[in-house]
Amino acid sequence: HYIFSNPWIRPLPYEQRSKLLPRVGAVLHSHTDSGKGSFLLLKSGPVHSHHDADEGAIHYVGRGVPLANDGLPLVNINYEQSAELHNVISFDKPGQPTGSVEKFFSSDACDYVRAVVAPRAYACDAMFMDGSHESGFIREIMMVKSAVPGGVEYIVLKDRVLGPDMCQWNIDVLSRKPEVLGGGRVWFPGHEREGFGMGLDLVMFQPEKPEFRIEEGILGDDHKGDNLSKPKCPDLEWLVVEHWNIHVPAAPGTTFLALLFPRRRQEKAPVVQYY
């Protein structure tokens with residue numbers, strides 16, 4: 001409950017750069033000090049404070065705006081059913097997924113990370129029992145960076161599922177209700193409040209004909225109502241709490257390949273081709 005510090009020790013500024021986080025995962029940065037860049041955190045490692053079967057999940061801030069923040073549900077939920085509410089691959093059987101980072105690369109043009117999430121790679125919290133979950137996935141992420149702050153930046157996300165269990169690709173986006181456009185596309189309009197104003201195009205190349213299921217994000221009773229409500233903590237303001245989930249159920253062994261493209265409404269939708 002107490003922190004003692006030496007006043008003669010000068011604080012050092014945090015260097016906001018892409019880096020591998022041993023036993024935690026990896027963090028990808030671009031122009032973060034400008035307030036207009038992108039940021040992605042991948043959780044893939046044995047260090048954690050709790051376990052929602054969400055190993056391999058990501059937090060994503062695109063072009064200076066929070067978009068796909070993992071763990072947006074502001075309510076206590078059943079742990080065995082919680083994985084599908086995270087930005088991760090979930091399975092139809094309970095288990096205890098664990099992850100590790102295999103590859104990491106960073107440059108001015110792009111960052112890349114590859115992680116392996118297995119059902120039981122090492123011991124996790126003792127309070128969670130292993131289920132019959134026998135599957136995992138390999139997650140590859142490439143963040144393409146702009147040469148200047150505020151320019152076009154985006155994420156390419158590839159997940160190759162391994163094992164016999166039915167699987168599902170999930171993402172939770174801080175936005176108003178999304179629109180399924182056809183051709184593997186979903187448009188999240190984002191929020192219009194100050195500090196936001198950024199939408200997100202989701203373009204899924206694999207599987208070829210994805211089945212998109214839209215679900216309104218869960219909020220506890222303390223967080224419903226006014227978007228600027230102050231639940232429990234009088235000094236804390238929840239800015240925008242509305243969020244929506246996209247689920248893509250699929251067969252065992254499916255490969256998911258998706259583009260996450262942040263853009264403002266007045267900007268043109270991306271024209272992309274998959275070879």
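The following questions and answers cover side-chain contacts in a predicted model.

Local features need pLDDT of at least 70 and side-chain atom pairs count only at pLDDT 80 or more, while totals for chains, interfaces and linings use all residues. Residues are numbered from 1 along each chain as its sequence is written, and side-chain values use heavy atoms, with hydrogens and water left out.

Student: Is Arg 263 buried or exposed?
Tutor: Arg 263 belongs to strand β17, residues 255-263; strands are DSSP runs of E, at least two residues, numbered from the N terminus. Buried means under 20% relative accessible area, exposed over 50%, and partly exposed in between, with a 1.4 Å probe and protein chains only. At a relative accessible area of 9%, Arg 263 is therefore buried.

Student: Over the face of which residue does Arg 263 lie?
Tutor: A charge sits over a ring if NZ of Lys or CZ of Arg is within 6 Å of the ring centre and within 35 degrees of the ring normal. For Arg 263 the distance from the ring centre is 4.1 Å, and the residue is Trp 187.

Student: Which residue's backbone oxygen does the side chain of Arg 263 reach?
Tutor: The distance is 2.8 Å. A polar contact is a pair of N or O atoms within 3.5 Å; within protein, one must be able to donate a hydrogen and the other to accept it, and residues adjacent in sequence count only if both atoms are side-chain atoms. The backbone oxygen belongs to Glu 267.

Student: How is the aromatic pair of Phe 205 and Tyr 274 classed, and what is the angle between the planes?
Tutor: Rings of Phe, Tyr and Trp (its six-membered ring) pair if their centres lie within 6.5 Å; planes under 30 degrees apart count as stacked, over 60 as edge-to-face and the rest as tilted. Phe 205 and Tyr 274 are 5.4 Å apart, centre to centre, and the pair is tilted, at 35 degrees.

Student: Which residue forms a salt bridge with Arg 139?
Tutor: A salt bridge is a side-chain nitrogen of Lys or Arg within 4 Å of a carboxyl oxygen of Asp or Glu. Here the closest N and O atoms are 2.6 Å apart, and the partner of Arg 139 is Asp 159.

Student: Is Lys 145, which meets Asp 111 in a salt bridge, buried or exposed?
Tutor: The N to O distance between Asp 111 and Lys 145 is 2.9 Å. Asp 111 has 0% relative accessibility and counts as buried. Lys 145, at 15%, also counts as buried.

Terms used:
Helix = DSSP H or I, 4+ residues; strand = E, 2+ residues; numbered from the N terminus.
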